[in-house]
Amino acid sequence: MYENTSKLHFPDNFLWGGATAANQVEGAWNEDGKGMTIEDCLPYRNVGVSDFTKQFAFTSEDLQRALHAEEGSNYPKRRGIDFYHHYKEDIQMFGEMGFKVYRMSISWARIYTHPWDDEPNQKGIAFYRDVFNECHKYGMEPLVTLSHYDPPLDIVQKYRGWYSREVIDLFVKYAKTCFKEFGSQVKYWLTFNEVDAMLRHPVTSGGLIEDQFPEVPFEQAIYQAMHHQMIASALAVKAGHEMMPGCQIGNMLTKLEFYPFTCRPEDNYAAQHRIRSIYRYSDIQVFGEYPKYLLNEIAGKGYTVRMEKEDAQILKEGTVDFVSFSYYMTSCMAANTEGLDMAPGNTVNGVKNPYLTSSEWGWQSDPMGMRISLVELYDRYRKPLFVAENGLGARDTVTADGKIHDPYRADYLKEHVKAMSDAINEDGVDLFGYTWWGCIDLVSESTRQMSKRYGFIYVDLDDEGNGTYQRIKKDSFDYYKQVIGSNGTEL
Ligand code: BGP
């Protein structure tokens with residue numbers, strides 16, 4: 001249990017809310033002019049709780065199978081939770097909980113059926129416009145991610161994903177269309193979700209399929225693709241600032257905290273080194289240039305990343321206004337991990353921490369780690385911070401009375417809220433918002449399960465796609481309502 005060291009308090013205008021992503025909720029994968037994305041091609045694989053390498057393994061053969069899949073094959077992202085047809089009801093429930101902000105993403109392939117089209121898809125634009133209208137109806141600010149793990153399939157097939165520089169222009173065109181169409185409705189934006197993630201799961205973050213790179217070391221291709229995303233992000237930030245004066249555009253990183261497994265200096269360095277590796281790309285987005293340690297890393301591996309002479313200037317001119325991040329868990333690092341128990345995460349493994357408890361999926365819950373992370377990020381970047389994702393994936397049971405009693409979820413929330421309050425009031429961190437991940441049950445990113453549930457709202461759907469899609473409020477729904485209603489002081 002986290003013990004507060006100061007009185008619970010949050011700023012008056014603190015943005016409480018919840019988060020989802022288009023590819024995990026929308027469904028309607030081939031409706032109203034939406035093009036296919038790589039997420040539509042990821043099959044459900046029942047391979048256990050935590051082996052993300054098996055989940056993210058994806059070959060050209062898998063792609064062909066997906067393209068020729070028979071009706072009824074299990075591609076969970078194609079159905080999501082059918083937010084596309086339920087969004088009014090869902091947003092109304094978010095409003096009932098008192099959300100001040102709803103973090104969501106736009107699917108690039110819904111705005112441009114093919115990324116090279118001259119004209120955007122009007123039905124896609126109309127959909128998001130209406131989603132934002134609904135948010136405003138209930139007093140919610142949308143916080144919109146332009147790219148949350150769903151590169152259009154056209155990008156994958158024609159360009160080998162973000163490896164090709166041409167993708168930058170296509171993305172910037174898409175971003176500008178979003179700013180033009182939605183700029184009057186949306187003032188908070190993020191460019192790429194978990195911007196450090198491509199090195200861990202290149203398919204979903206970058207549209208890179210390993211067997212399509214016979215001529216180049218695959219890791220080098222990833223660094224190249226990352227460079228293109230950095231340029232695209234900077235150009236989008238610059239365009240956003242010009243087109244939407246007063247808007248706030250942030251980046252988004254996976255905040256993973258690693259403690260030294262022992263106080264041996266070598267373990268301490270191993271932890272520091274690992275933590276630093278997650279800042280490789282957010283450093284660029286905040287400071288406007290490549291950190292030396294990243295350049296050393298690339299050169300040290302004998303790789304070259306092609307950069308154009310204008311790139312340095314582009315990066316300088318496209319720095320972000322705030323830093324957002326996902327935070328779920330922590331683990332440890334040791335210089336020598338042989339014989340040590342490892343703790344699974346969604347895409348990262350660290351050494352298991354004997355002082356922490358784990359979720360059913362092995363994620364080690366750590367509210368104090370949230371406080372530590374906030375301090376670390378604020379000290380590093382000196383930018384306003386936003387917790388864009390935090391939450392607990394758990395199996396829920398619908399009891400005979402048709403209810404879902406989920407005290408574990410309320411507990412997880414409570415402990416993290418306490419830690420955030422101390423970070424603000426005692427450690428002096430400038431934190432302006434918090435969005436619970438998966439405020440409504442959705443398809444898991446790493447396991448593609450429905451049974452790994454995060455929501456305050458239950459969705460009647462199972463891993464195989466059976467169910468009525470009915471929405472049911474869990475006990476935690478009322479709890480979060482109370483947290484928001486008291487501005488984080490009645491826990
Ligand atoms: C983050 C992703 C989300 C989300 C979350 C929980 O890494 O940004 O898309 O899914 O993790 O992970 P999972 O769905 O694997 O439980």
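Biologist: What makes Phe 99 count as buried or exposed in this model?
Modeller: This is a predicted model, and in it Phe 99 has a relative accessible area of 1%. Buried means under 20%, so Phe 99 is buried.

Biologist: Phe 99 forms an aromatic pair with Tyr 480. Why is the pair called edge-to-face?
Modeller: The planes stand at 70 degrees to each other, with 5.8 Å from centre to centre.

Biologist: Helix α18 packs with helix α17. How do you know how the two are oriented?
Modeller: Their axes lie 9 Å apart, at an angle of about 20 degrees. Angles under 35 degrees count as roughly parallel, so α17 is roughly parallel to α18.

Biologist: Which residues of α17 and α18 meet?
Modeller: Tyr 480 is one of those in α18, together with Ser 476, Tyr 479 and Val 483; on the α17 side they are Arg 409, Ala 410, Leu 413, Lys 414 and Val 417.

Biologist: Now Lys 176, in helix α9. Why is Lys 176 called partly exposed?
Modeller: Its relative accessible area is 41%. Buried would need under 20% and exposed over 50%, so Lys 176 is partly exposed.

Key
Residues numbered from 1 in each chain as written. Predicted model: local features only at pLDDT ≥ 70, side-chain atom pairs only at ≥ 80, totals over all residues. Heavy atoms only, no water. Helix = DSSP H or I, 4+ residues; strand = E, 2+ residues; numbered from the N terminus. Buried < 20%, exposed > 50% of the residue type's maximum accessible area, 1.4 Å probe, protein only. Axes fitted to C-alpha atoms, helices over the stretch in contact; angles between N-to-C directions. Parallel < 35°, antiparallel > 145°, perpendicular 65-115°, else oblique. Contact = heavy atoms within 4.5 Å. Phe/Tyr/Trp six-rings, centres within 6.5 Å; stacked < 30°, edge-to-face > 60°.
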